[in-house]
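Subject: Structure for you to look at

Hi,

Here is the structure I promised to pass on. Please open it alongside this message, and my notes follow below.

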Amino acid sequence: MGTESNQRVVVARRPAGRPVPADFALQSAAQPEGEGVLCDVLFISLDPYLRGRLSGRHISGPIAVGEVMSSELVLRVAEDCGGCRVGDRVRAFGPWQRRVRLPAAALTPVPQNVAPASLALGVLGMPGLTAYAGVTRLLQPQAGQTAVVSAAAGPVGATVGQLCKAAGARVVGIAGGGEKCAWPLNQAGFDVAIDRHRQPLREALDAACPDGIDLYFDNVGGDMLQAVLERLALGARVALCGLMDQYNQEMPPPGPNPALIIRARAMVQGLVVYDHEDLRGRMEADLSVRLQAGELAFKEDVAEGLGEAGAAFCRLMAGKTFGKALVKVAD
Ligand SMILES: NC(=O)c1ccc[n+]([C@@H]2O[C@H](COP(=O)([O-])OP(=O)(O)OC[C@H]3O[C@@H](n4cnc5c(N)ncnc54)[C@H](OP(=O)(O)O)[C@@H]3O)[C@@H](O)[C@H]2O)c1
């Protein structure tokens, strides 16, 4: 990229409900000067937790109106600096901006065998770690169990389903729309996919899980969680991971009835990926082997160009992305 043009995406206004593209603005930006390693942003990770940051409700802190949007990035080092060499690919938290300077200590190398490099933001990144921690530490699937996962076509849900399947469980995914149901079935080896837009959820769960639900990985909350809790088998394990049903709402809705968890003697545990950083090396090694053996399917939804970042995030929060949501900023 030329030294004359730099651009960034700022929060133009606080989203009300579902974000819309006008909540974000593309602006020109000064060339990054001063300390730090000069890098070109290759990929921006779009993740649902960013909606919580825009409302000031997420544990990782708020992003205010007028601030530059920020999230996890894959970058290419643009000048030799410290231990970094031109062309190195790295991962870091940083601004939605074409060219940035970041402290060397904030950069994590993306190994050469992570190809495409965007996998470091998806199945071999934070979503992969979320799935891996949730399955290995919380759900602990056993052969013959019935596992249900919501948002099954996304990077967390699709990886959860495949890890449960590899452990011998029968896997039922819930997703929105025909294509997002066909992919888990045909590419990711799920046993059943329930289309939340077309099928009455409770009837579909009854048909798919006649002996109850042993394992549930919840990415959505709300009535979907309620419907699954109504069908828990004795000794069920539930991982509470995400709340897609309420991120776009001003006030959290009334929750499901905990009596359903008590009745099933179910083990329920909240999942925060930050607690499982110690598992990252094992996750990368294990999932890389599965990827290279063609045993782990992944899907990406890549918007082209920094100017598309805001609109692509809005598509994520409307449930319209299919696969790990990313913005490709540069080749
Ligand atoms: N606890 C943690 O540490 C942690 C870490 C990472 C991610 N998460 C959570 O994991 C979940 C999945 O993350 P991801 O990155 O894999 O996202 P994703 O699946 O790519 O996107 C979220 C999906 O949620 C589904 N959804 C269900 N109800 C929705 C609604 N009311 N509005 C919009 N979408 C709805 C949509 O898929 P369908 O239309 O196919 O249903 C949407 O595509 C999110 O809730 C995220 O916050 C938690």
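A term to start with: a residue is called buried if 20 or more other C-beta atoms lie within 10 Å of its own, exposed if 12 or fewer, and partly exposed in between, with C-beta atoms placed from the backbone. Please bear in mind that this is a predicted model: local features need pLDDT of at least 70, side-chain atom pairs count only at pLDDT 80 or more, and totals for chains, interfaces and linings use all residues. Residues are numbered from 1 along each chain as its sequence is written.

Let me begin with helix α6 (residues 222-229). Helices (H or I, at least four residues) and strands (E, at least two) are DSSP runs, numbered from the N terminus. In α6, the buried residues are M224, L225, A227, V228 and L229. Their cover includes β8 (146-150), β9 (170-175), α5, β11 (213-218), β12 (232-240) and α7 (259-263). I count two residues as in contact if their C-beta atoms, placed from the backbone, lie within 7 Å.

Helix α5 (residues 201-208) packs against α6 at an angle of about 35 degrees, and the two axes are 10 Å apart. Axes here are lines fitted to C-alpha atoms, for helices over the stretch in contact, and angles run from 0 to 180 degrees between N-to-C directions. From α5, L201, R202 and L205 make the contact, and from α6, M224, A227 and V228 do. By class, that contact has five nonpolar residues, no polar ones and one charged. For these classes, Ala, Val, Leu, Ile, Met, Phe, Trp, Tyr, Cys and Pro are nonpolar, Asp, Glu, Lys and Arg are charged, and the others, Gly among them, are polar.

R196 counts as buried because it has 21 C-beta neighbours inside 10 Å. Leaving aside residues up to four places away in sequence, R196 touches I174, A175, G176 and L201. R196 and G176 are 20 residues apart in sequence, yet their C-alpha atoms are 5.2 Å apart in space.

Now the overall layout. The domain assignment, which is automatic or from a database, gives domain 1 (7-120 + 299-328) and domain 2 (126-275). Their centres, taken over C-alpha atoms, are separated by 28 Å. Twelve residues of domain 1 are in contact with 13 residues of domain 2. On the domain 1 side, the touching residues divide into three nonpolar, four polar and five charged.

What about the core? A nonpolar core is a set of buried Ala, Val, Leu, Ile, Met, Phe, Trp, Tyr and Cys residues joined through C-beta atoms within 7 Å. The largest one has 103 residues, of which I44, A309 and V327 touch the most other members. Apart from residues up to four places away in sequence, V327 touches F43, I44, L46, A303, L306, E308, A309 and A312.

Finally, some backbone details. Most residues other than glycine have a negative phi, and most peptide bonds are trans. The peptide bond from A115 to P116 is cis, with omega near 0 degrees. Q140 has a positive phi of about 45 degrees, and A151 has one near 50 degrees. Q140 is partly exposed, with 13 other C-beta atoms within 10 Å, whereas A151 is buried, with 26.

Best wishes
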